[in-house]
Amino acid sequence: MFEALTAFLWGSVAGAALLLGAGLAWFLRIPRSIICAVMAFGSGVLISALSFELVLEAADAGGLLATAGGVAAGSLLYFAANRLVGARPKRKAAASGSGAQNNSGIAIEIGALIDGIPESVALGVGLVAGGGINPTMVAAIFISNVPEGLASTADLKSGGRNARSVFGLWTGTVSASGLAAALGYLLLAAAAPEVLAFATAVAAGGILTMLADTMIPEAYAGEGDVTGLLVVLGFLSAFALHVIGG
């Protein structure tokens, strides 16, 4: 039970970056270019983390078949959830200032949940697989969540949402992230290596699809061709943490 609580706490810590980003956007006027730059860097960090901390470890533990099947399943699940709620098109419309801002709060929250759940589950699964929370994954998720909280809160504020509504949305999302991490641990604590590898890869597939669908395109919209350099910088930073920590 202590391990499940540990997973919940670290999932909440990683998700709390949404609240940090929200606070910065609410009280400070941060240029969109800075938000996009952090988003590009965070994308690179996540790509590195899911490659070395999730997919590679899943393949080592459960084999190629379980890992490839998990990545494909995670990608399809994210794609289906995204299509079902239609959160991303609404969010992009809000970001463009097209007048959809007043009604975008729920869509943004759903989008953040779709992003955050596989990330948090990965923390809980990692606790099962490695016997401890992976600091590289925590750092990667935290860094990637800051610009999402920034960009989304800026849109909500422009759309006329009050502080209680905005911070209530993000507090609920952070709580859900912690719960997802705890469930990831509880449901897989006694799982076979192949099942654990599949579950880890599902989280990786969902995160990778989210990056390609949302974070990198939004970063490119603000930073242009500099985005690629920032993604690589983030990737190398997380890879260095992986090598040093390994």
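1. The model is predicted, so to speak of local features a pLDDT of at least 70 is needed, side-chain atom pairs count only at pLDDT 80 or more, and totals for chains, interfaces and linings use all residues. Residues are numbered from 1 along each chain as its sequence is written, and side-chain values use heavy atoms, with hydrogens and water left out.

2. Now for the overall layout. The chain has nine helices and zero strands, where helices (H or I, at least four residues) and strands (E, at least two) are DSSP runs numbered from the N terminus. Read along the sequence, the pattern is α-α-α-α-α-α-α-α-α. Of the 246 residues, 48% are buried. The accessible surface comes to about 10,800 Å², and carbon and sulfur atoms hold 71% of that; such areas come from the Shrake-Rupley method with a 1.4 Å probe, and for residues only the protein chains shown count as cover.

3. Taking contacts between residues at least 6 apart, 87% join residues at least 24 apart, a contact being heavy atoms within 4.5 Å. Phe 167 gives an example: Phe 167 sits in helix α7 (residues 163-188), and Gly 23 is 144 residues away in sequence but 8.4 Å away in space, C-alpha to C-alpha. Leaving aside residues up to four places away in sequence, Phe 167 touches Leu 19, Ala 22, Gly 23 and Trp 26.

4. The contact of α1 with α7 involves 18 nonpolar residues, nine polar and one charged; Ala, Val, Leu, Ile, Met, Phe, Trp, Tyr, Cys and Pro count as nonpolar, Asp, Glu, Lys and Arg as charged, and the others, Gly among them, as polar.

5. Which residues of α6 meet α7? Gly 149, Ser 152, Thr 153 and Leu 156 in α6 meet Val 166, Leu 169 and Trp 170 in α7. By class, this contact has four nonpolar, three polar and no charged residues. The axes of α6 (residues 135-158) and α7 come within 10 Å and cross at roughly 150°. That makes α6 roughly antiparallel to α7.

6. Is Ser 177 buried or exposed? Ser 177, also in helix α7, counts as buried because its relative accessibility is 6%. Apart from residues up to four places away in sequence, Ser 177 touches Gly 11, Gly 15 and Ser 120.

7. Finally, do look at Glu 119 in helix α5 (residues 105-130). Glu 119 is buried, with a relative accessible area of 1%. Not counting residues up to four places away in sequence, the contacts of Glu 119 include Leu 46, Asn 145 and Met 210. Gly 206 lies 87 residues from Glu 119 in sequence and 8.2 Å from Glu 119 in space, C-alpha to C-alpha.

Notes. Buried means under 20% relative accessible area, exposed over 50%, partly exposed in between (1.4 Å probe, protein chains only). Axes are lines fitted to C-alpha atoms, for helices over the stretch in contact, and angles run from 0 to 180 degrees between N-to-C directions. Angles under 35 degrees count as roughly parallel, over 145 as roughly antiparallel, 65 to 115 as roughly perpendicular and the rest as oblique.
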